[in-house]
Amino acid sequence: MIPKTFKMRNRSKSSMKRLVEYITSDQGKQHRVAETIISNCQYQTPELAMREMLVTQARNRRAESDKTYHLMLSFRPGEDPTPETIRAIEAAVCKKLGFGEHQRIAVVHRDTDSVHMHIAINKIHPKRFIIHNPYRDWKDLGKECERLEKSLYLAADNHTPFGKTETERKAQDIEALTGEQSLLSW
């Protein structure tokens with residue numbers, strides 16, 4: 001299982017509404033959205049839960065950083081976890097990052113070779129209305145994914161690039177996407 005976070009440094013790109021619309025859209029594909037998990041929201045439909053999260057975010061006027069946390073967990077090609085396994089993974093990873101009590105919408109996509117799950121997390125706590133920004137989240141994500149792979153008998157992945165700078169990790173991502181060696185690794 002490979003975790004990937006998407007940092008939105010531009011306020012105009014950081015939108016819970018756009019993120020939820022993207023992850024819940026079928027995009028014209030028949031089997032794209034397999035399952036939707038809504039946690040810590042009063043409403044259990046993505047549209048109403050998203051609106052509830054926006055109201056919670058509006059209650060915090062002091063936070064200057066992004067109020068939405070976008071996490072994607074990707075499984076190995078051919079690996080098809082059960083809905084119970086996916087729910088356990090979503091809850092465990094969010095708890096490890098400190099988002100156990102936070103509002104979130106997780107959507108499982110099965111439109112690619114590898115099953116993957118997007119999780120839209122409200123970084124504003126629903127009762128205290130303070131923002132939570134996990135420190136060095138990539139390290140916690142790697143450790144938790146390794147623990148879950150062992151306990152749930154999933155295929156092991158090298159999901160934590162320990163010792164690499166953010167620039168080196170970005171270069172590695174681009175190399176994986178394009179198939180070409182970057183100047184940095186050359």
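Student: Of the 186 residues of the chain, what percentage count as buried?
Tutor: This is a predicted model, in which local features need pLDDT of at least 70, side-chain atom pairs count only at pLDDT 80 or more, and totals for chains, interfaces and linings use all residues. Residues are numbered from 1 along each chain as its sequence is written, and side-chain values use heavy atoms, with hydrogens and water left out. Buried means under 20% relative accessible area, exposed means over 50%, and partly exposed lies in between (1.4 Å probe, protein chains only). By that rule, the buried share of the 186 residues is 42%.

Student: What does the C-alpha trace span along its principal axes?
Tutor: The span is given for the C-alpha trace of the chain, along its principal axes. The values are about 45 × 35 × 35 Å.

Student: What share of the contacts with a separation of 6 or more comes from residues 24 or more positions apart?
Tutor: Contact means heavy atoms within 4.5 Å. Among contacts in the chain with a separation of 6 or more, the share from residues 24 or more positions apart is 70%.

Student: How far apart do the centres of the positive and negative side chains lie?
Tutor: Lys and Arg count as positive and Asp and Glu as negative, while His and the chain ends are not counted. A charge is placed at NZ of Lys, CZ of Arg, CG of Asp or CD of Glu. The chain has 31 positive and 25 negative side chains. The centres of the two sets are separated by 8 Å.

Student: How many disulfides are there?
Tutor: A disulfide is counted as a pair of cysteine sulfur atoms within 2.5 Å. The closest cysteine sulfur to that of C94 is in C145, 11 Å away, which is too far for a bond. C145 is in no disulfide either, its nearest cysteine sulfur being that of C94. The count of disulfides is 0.

Student: Is C145 buried or exposed?
Tutor: C145 is placed in helix α4 (residues 137-151). The relative accessible area of C145 is 0%, so C145 is buried.

Student: What is phi of Q27 near?
Tutor: Q27 is in the loop between α1 (16-24) and β2 (33-39). With a relative accessible area of 40%, Q27 is partly exposed. Its phi is positive in a residue other than glycine, near 50 degrees.

Student: Where is N40 found, and what is its phi near?
Tutor: N40 is in the loop between β2 and α2 (46-58). A relative accessible area of 39% makes N40 partly exposed. N40 is other than glycine and has a positive phi, near 60 degrees.

Student: Which helix holds A91?
Tutor: A91 is partly exposed at 34% relative accessible area. Its C-alpha lies 9.9 Å from that of E101, 10 residues apart in sequence. A91 belongs to helix α3 (residues 83-96).

Student: Which residues does D80 touch, not counting residues up to four places away in sequence?
Tutor: D80 is in the loop between β3 (68-74) and α3. Its relative accessible area is 54%, so D80 is exposed. The C-alpha atoms of D80 and L19, 61 residues apart along the chain, are separated by 24 Å. Leaving out residues up to four places away in sequence, D80 touches R110 and V115.

How values were computed:
Helix = DSSP H or I, 4+ residues; strand = E, 2+ residues; numbered from the N terminus.
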